[in-house]
Amino acid sequence: MTGEVKAKEEAIPPAVVDDDDLDEEEDGVAEVHPSGGDAKKKKKKKKPKKKKVEQSDPPRIGLSKFFHDGIYPEGELQEYKDDNAWRITSEEMRYNERVANEDPETTYQDIRRGAEVHRQVRRYARKMIKPGMSMTEIAENIENGIRALVEENGLESGVGFPTGLNLNNCAAHYSPNAGDTVVLQQSDVLKVDFGVHVKGRILDSAFTLTFEPTYDKLLEAVKAATDTGIREAGIDVRLGEIGGAIQETMESYEVEVNGKAYPVKAIENLSGHSINKYQIHGGKGGKSILLVKNDDQTKMEEGEYFAIETFGSTGRGRVVENGDVSHYARVVDAPHVPLRLTSAKTLLKSINKNFGTLPFCRRYLDRLGETKYLLALNHLVSQGIVQDYPPLCDQRGAMTAQFEHTILLRPTRKEVVSRGEDY
């Protein structure tokens with residue numbers, strides 16, 4: 001999920017858990033007869049071996065069946081560098097990290113649980129998504145997987161934000177509404193952006209798929225730029241400097257289409273962003289990481305979460321709002337205004353109960369059984385209580401790509417919590 005223009009080592013998930021070691025077989029136990037006769041051998045029955053728990057295909061088995069102790073895999077660890085290299089061995093920082101890991105308000109396990117869900121769902125998504133599928137079918141497959149694996153439970157755990165399925169020149173904030181008939185084509189460039197939350201800790205990660213090689217270099221450029229942003233990020237690093245490094249990496253690439261070379265441009269008005277509890281874009285005072293060189297002197301700080309996401313384009317490198325809105329979110333510090341529509345009051349209660357300040361889409365309202373809600377929803381938007389997020393698109397004919405990871409700035413190390421085998 002993006003954070004500008006109204007928008008916004010490797011952990012390999014165990015697919016199998018073997019419980020055999022929990023049930024040792026006991027054979028040949030000696031039994032002495034009370035009369036003092038010869039000891040005779042009594043053979044106890046072998047306990048039946050427990051079946052191995054395997055993740056289903058599609059993934060629908062909750063993670064608690066695999067991680068009984070509630071401890072989830074770390075992401076990729078990267079060491080701080082330069083002036084912060086001392087943190088790695090500092091006793092004080094290691095103590096701070098132990099305290100943070102044990103504090104239920106800052107525990108890393110919640111976000112790692114979301115990361116594990118993301119890895120398993122996207123592993124399935126990357127093989128499941130094929131040309132000929134509808135956007136609705138793809139979105140629902142992904143979201144059903146998230147809900148099952150995270151063991152959805154109201155505002156305790158669930159989908160972090162609507163699944164973005166942004167095609168071609170559309171870079172962000174498109175998710176199919178009811179009745180959408182768009183079908184994935186062989187020539188499409190598809191951005192898949194989805195999130196998971198556990199107790200409000202949102203894991204935000206995205207990748208891009210193509211089905212023929214024309215735009216492979218575009219994907220390579222954006223992935224490299226995201227890795228650059230991750231590498232440059234760190235405690236006390238200035239956001240403007242990260243943007244400059246991202247731009248330099250991305251714009252060193254070009255894409256050849258039908259014999260013509262197109263430079264890859266960093267999309268200047270999209271950004272990465274800080275993440276707060278139940279707030280995908282960091283809330284009031286949230287921090288944005290632009291994808292181009294700028295003079296932002298704001299620093300990253302210890303304990304913060306960031307979504308490092310980059311977008312590249314073969315077009316002008318700037319997006320505008322275009323198309324039907326699917327994404328919405330209740331404004332955190334929304335004004336208290338009298339609502340003249342009874343339907344708007346009712347809808348707001350439903351939004352507060354089911355989403356809080358987490359982003360949602362119209363399909364999610366449909367799923368709750370809400371009907372004829374558009375007038376009420378638009379009224380909430382006009383009153384400044386709900387924010388709408390229209391699709392963000394570059395010029396027609398351009399192709400855009402996105403890669404994104406969530407990082408955690410721990411006291412001693414930087415953790416790329418969403419890193420997996422795939423990217």
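How many residues has helix α5, and what does the helix reach from its first C-alpha to its last?

## Helix α5

In this predicted model, local features need pLDDT of at least 70 and side-chain atom pairs count only at pLDDT 80 or more, whereas totals for chains, interfaces and linings use all residues. Residues are numbered from 1 along each chain as its sequence is written, and side-chain values use heavy atoms, without hydrogens and water.

Helix α5 (residues 239-250) has twelve residues and reaches 17 Å, close to the 16 Å expected at 1.5 Å a residue; the expected span is 1.5 Å times one less than the number of residues. Helices (H or I, at least four residues) and strands (E, at least two) are DSSP runs, numbered from the N terminus.

Nine of the twelve residues of α5 are buried, among them Leu239, Ile242, Ile246 and Met250. Buried means under 20% relative accessible area, exposed over 50%, and partly exposed in between (1.4 Å probe, protein chains only). The cover of these buried residues includes α4 (216-232) and β15 (305-313), with contact meaning heavy atoms within 4.5 Å.

## Annotated binding site

An unreviewed UniProt entry lists Asp193, Asp204 and Glu404 under "binding site"; such annotations may be inferred rather than shown by experiment, and the positions follow the numbering used here, with feature names shortened. These residues are spread over 212 residues of sequence, yet cluster in space, with a largest C-alpha distance of 8.2 Å.

Aspartate 193 lies in strand β8 (residues 189-198) and is buried, at a relative accessible area of 5%. Glutamate 404 lies in strand β21 (residues 400-409) and is likewise buried, at 0%.
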